[in-house]
There are 2 protein chains.
Amino acid sequence: MTPDKRRAPAGAAVLRDEITTAIRRALMQELAAVGYGRLSIEAVARRAGVSKTAIYRRWSSKLDLVLEIVAAAAHGKLPALDTGTLRGDLALLFQAVALALRHPLASQIIPDLLAEAARNPSIDATLRQVLHARQQEIGGRLVTRAVQRGELPADTELDAAVDLIVGPLYWRLAIARLPLTDGYLEHLVESVAAGLGADSVLPRPREAPVSG
Amino acid sequence: MTPDKRRAPAGAAVLRDEITTAIRRALMQELAAVGYGRLSIEAVARRAGVSKTAIYRRWSSKLDLVLEIVAAAAHGKLPALDTGTLRGDLALLFQAVALALRHPLASQIIPDLLAEAARNPSIDATLRQVLHARQQEIGGRLVTRAVQRGELPADTELDAAVDLIVGPLYWRLAIARLPLTDGYLEHLVESVAAGLGADSVLPRPREAPVSG
DNA sequence: CAACGACGGTACGGTTGCGTCCCGACGTGT
DNA sequence: ACACGTCGGGACGCAACCGTACCGTCGTTG
């Protein structure tokens, strides 16, 4: 039974959005600076200029805090990504990924959380929802359309295709942290397209995909 | 001036190898269990069944400990890797990488340290020595030989080639942590070879590489 | 066989972070 | 204008860890 509430929270008795935002930003910065392992609520509160209580009123634990905020941050924009050609789609996707991984925060937080996911089931589940699943979806659409156009063989395995698409760029930007030289992305488009089984860049009519 | 030493350390006054080994093993396990961020000397000592003093007598700090042990562990074996064909070399390399990343310890420690390297210059430098440089070397030899054989174009960029070779498999095994299905490695060999610019698997005579 | 001397282990103070409790401040609704 | 009730902030007890100092132990050397 829910007793009639005396009054709805109002006035000063309501969570201030500015504080919530400050906590979110501070969390991202702390996460980038020290990683999830060393992350402390106190440091987040210090950096945000708020009290620990302000945080604990909003999230029940450090894990809750990270999961909610990271998931929200990753729920951002997903590109439409339908340029009409496999190479066009790849180029657009790579540009989006490169842009995202340019963010100093993202390029430090993402590898850190992915590593942490190997030992923390909650983080693992969250990342699979907001990262891997999204990649599978984007990659799936990209591959499916390319197959329908006849650019890729019909028996293309989505799983392996995603590895081939995502792996090299992620390796370079997030792991090796090497610069993106001129023309690298364009070159990568060609390499990945060829690796996926697309015809050479020179337009050469392809036979119909295996029927049945 | 160095006064004549009374006596060389001997007997019980010498570091016991068994203790050193136990510390090494415990460090790897702790590193895998909690990551570098949370790593504590006390936990390593507990797990090794030794005292903290035993650790501090051997290494001056947590960073020293990790750097020395990780570098030593990574200095392991490097495959000869010269099978006579690009695809043979790739297959051998992938099998070696897959084997290494199967080790539960390695697959947890490596991503963790790579993420930590983004914010710790010492770790970054060490990993670049023992990982990246080695990859560049192996990849360089692999590509160079393939170019000499005419399997790859002469203007192949080593940098991008390494990304393409290492990225997909690392992504799948260490980041996405997906299983290695039957035939995956063989399939990956073909994809990467094609991505690098090799001819189709069907032997088709290639014109002589660009002369000069 | 006795003395040497560094070993491993325990104990210690200092620091940091967790999670909670209490308090004065504040803006809205009656 | 007043009462309401949650807000943010500071303080507290508890726990873990760091790095060091001290102490008894042990195997080798002379």
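Which side chains meet in a salt bridge at 2.5 Å, N to O? In this predicted model, the pair consists of Asp159(B) and Arg172(A). Across the interface of chain B and chain A, 8 salt bridges are found. Polar contacts across this interface were likewise examined, and 24 residue pairs are joined in this way, both partners having pLDDT 80 or more.

On the side of chain B that touches chain A, the elements giving two or more residues are helices H1 (17-38), H6 (104-117), H7 (121-149), H8 (158-175) and H9 (184-196) of chain B. The largest share of that side comes from H8(B), which provides 11 residues. Classified by residue type, the side of chain B that touches chain A comprises 23 nonpolar, 9 polar and 10 charged residues.

The contact draws 42 residues from chain B and 42 residues from chain A. Between the two chains, an area of about 3600 Å² is buried, and carbon and sulfur atoms give 52% of this area. Three residues, Arg119(B), Asp163(B) and Trp171(B), supply 20% of the area that chain B buries against chain A, more than any other three residues.

A separate point concerns an annotated segment of chain A. An unreviewed UniProt entry places the feature "DNA-binding region" at residues 40-59 of chain A. In the model, residues 40-59 of chain A are 65% helix and 0% strand. The C-alpha atoms at the ends of this segment of chain A lie 14 Å apart.

Methods. Residues are numbered from 1 along each chain as its sequence is written. Chains are lettered from A and ligands numbered from 1 in the order in which they are written. This is a predicted model: local features need pLDDT of at least 70, side-chain atom pairs count only at pLDDT 80 or more; totals for chains, interfaces and linings use all residues. Side-chain values use heavy atoms; hydrogens and water are left out. Contact means heavy atoms within 4.5 Å. Buried area is the accessible area (1.4 Å probe) that two parts lose on being put together, summed over both. A salt bridge is a side-chain nitrogen of Lys or Arg within 4 Å of a carboxyl oxygen of Asp or Glu. A polar contact is a pair of N or O atoms within 3.5 Å; within protein, one must be able to donate a hydrogen and the other to accept it, and residues adjacent in sequence count only if both atoms are side-chain atoms. Helices (H or I, at least four residues) and strands (E, at least two) are DSSP runs, numbered from the N terminus. Ala, Val, Leu, Ile, Met, Phe, Trp, Tyr, Cys and Pro count as nonpolar, Asp, Glu, Lys and Arg as charged, and the others, Gly among them, as polar. UniProt positions are given in the numbering used here, feature names are shortened, and annotations may be inferred rather than shown by experiment.
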